[in-house]
Amino acid sequence: MELQRLAFSFFNGEVAARYWLDIVQGMWVTTYLAAAVVVAGLGTGLALAMARSFHFKLGSFFIVVFADAFRALPPLVVIIVLFFAFPYVDLAMSAFTATWLALSLVLAAFAEEIFWAGILSVPKGQTEAARSTGMSRLQTLVYVILPQAVRLTIPPLTNRMIAITKGTALGSVVAVHEIIYYASSGASEAGNPTPLTLGAAAYVALFLPVVILSRWIETRFAWKR
Amino acid sequence: MRERRPIDAILEVKALHKSFGTLQVLKGIDLAVAQGELVFIIGPSGSGKSTLLRCCNRLEEPTSGSVVIDGTDITRPDVDLNRVRQKIGMVFQSFNLYPHMDALGNVTLALRKVQGLARAEADAKGMAALTRVGLAEKARAYPNELSGGQQQRVAIARALALEPRILLFDEPTSALDPELVGSVLKVMRQLRESGMTMVVVSHEMEFARAAADRVVFMDRGVILEQGAPAQIFSRPAHARVAEFVATISRHP
């Protein structure tokens with residue numbers, strides 16, 4: 001065993017001291033990129049699932065096409081297309097915007113399917129009861145169906161949120177200054193992979209609370225009928 | 001239309017047809033229900049009883065024919081369905097209470113969101129409705145904390161709170177354990193005494209005999225026979241009615 005060399009390469013205090021501030025900066029970018037993706041992705045996904053529940057044939061068709069396409073595409077490809085190809089159709093965007101938009105679209109696609117499954121899982125009698133008291137379709141959806149659907153969607157949704165927000169690392173390929181960008185450029189600059197270790201620690205620091213929080217939410221929203 | 005309907009009919013169904021695909025479920029139903037009347041609809045399963053009831057508030061869209069509630073033809077395309085539905089209370093076999101709301105929340109949701117009442121006012125009306133069904137003390141209980149009979153009474157209160165002109169009951173006691181049926185029937189009897197117009201799809205023969213003004217027998221999408229309970233149950237004109245009554249008397 002060569003523990004000393006392992007320590008020198010991956011847990012090098014001198015290298016860590018030089019790069020930890022970069023990583024902290026990256027954490028900040030990762031955090032707000034992830035937050036922006038969650039807000040836009042879940043919001044769009046919910047809106048699409050709601051629109052789909054009104055059963056307009058053409059609308060539902062496009063929603064399904066969107067959801068299937070963006071669940072199938074690798075997020076990396078979407079980022080690259082948005083960043084490198086869209087300027088040719090006069091839709092240039094920053095690396096940050098491209099990454100945010102790509103991940104939001106992918107999360108929206110998954111979230112739409114998850115919310116839709118949740119909506120379908122609510123018994124038809126709930127809609128009938130609400131409509132029979134004069135509530136509109138939208139009121140029924142908002143006050144009766146969604147509160148029940150959302151509880152069921154929390155576990156799959158939090159898993160998907162964590163998976164997609166970790167995808168912010170993909171932004172490093174178009175030079176978004178997030179954790180991995182600083183970690184890998186630091187590693188090559190120093191000729192030592194310790195900044196990557198710092199990066200890993202940064203991800204754990206950021207996402208472990210999210211994972212624990214999601215567990216807490218799941219138990220809190222678990223309910224009996 | 002107004003002058004042609006019987007003097008105090010609350011519900012008037014005319015030449016109602018309903019098909020699901022090629023399956024004709026209702027083949028021309030005519031039925032008038034007077035103010036304060038309690039009408040029982042009985043008949044074998046698949047005879048179209050529930051579909052008829054559900055056409056009366058357009059949970060099912062009639063294929064043709066009309067349904068007039070309190071002078072409004074609700075099958076007209078320009079009718080404000082959400083408005084007329086408040087006047088038509090519906091009680092379901094499986095209660096269909098909202099599980100994420102307590103009893104009072106269930107009763108007041110439409111008062112607040114459809115009628116736009118402030119919470120205090122809605123709560124007062126909701127409590128009055130729960131009191132009518134004998135469940136004021138359960139206002140803060142969630143559906144899963146209530147027995148089936150209590151859940152169904154909350155569902156009745158939910159319909160009552162909107163001050164409907166007519167109540168439609170779709171097999172209200174079929175999902176209940178036998179010992180809980182009585183509490184629901186008791187509430188229905190009280191409603192009848194207070195003059196509520198009711199149409200009930202149910203096979204509670206004893207209740208029908210004691211409380212119904214009229215029993216309607218449906219078979220294969222048509223009304224085969226109707227009349228006073230004593231007539232339908234004791235000396236029906238049609239053999240099919242006699243046969244059916246005999247069957248459910250043996251296996252209620």
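Biologist: How many bridges join E4(B) to strand E5 of chain B?

Modeller: This is a predicted model, in which local features need pLDDT of at least 70, side-chain atom pairs count only at pLDDT 80 or more, and totals for chains, interfaces and linings use all residues. Residues are numbered from 1 along each chain as its sequence is written, while chains are lettered from A and ligands numbered from 1 in the order in which they are written. Strands are DSSP runs of E with at least two residues, helices are runs of H or I with at least four, and both are numbered from the N terminus; two strands pair if DSSP finds at least two bridges between them. E4(B) and E5(B), the latter covering residues 72-73, run antiparallel, and the bridges joining them number two.

Biologist: Which residue in the turn of that hairpin has a positive phi?

Modeller: E4(B) and E5(B) form a hairpin with two residues between them, and B:Val68 has B:Asp73 as its bridge partner in E5(B). In the turn, a positive phi of about 50 degrees belongs to B:Asp70.

Biologist: Which residue in E4(B) stands opposite B:His17?

Modeller: Strand E1 (residues 9-20) of chain B runs antiparallel to E4(B) (residues 64-69), with five bridges joining them. The residue opposite B:His17 is B:Ser64.

Biologist: What percentage of the residues in chain B is buried?

Modeller: A residue is buried if 20 or more other C-beta atoms, placed from the backbone, lie within 10 Å of its own. Chain B has nine helices and ten strands, and of its 252 residues the buried share is 46%.

Key. A residue is buried if 20 or more other C-beta atoms lie within 10 Å of its own, exposed if 12 or fewer, and partly exposed in between; C-beta atoms are placed from the backbone.
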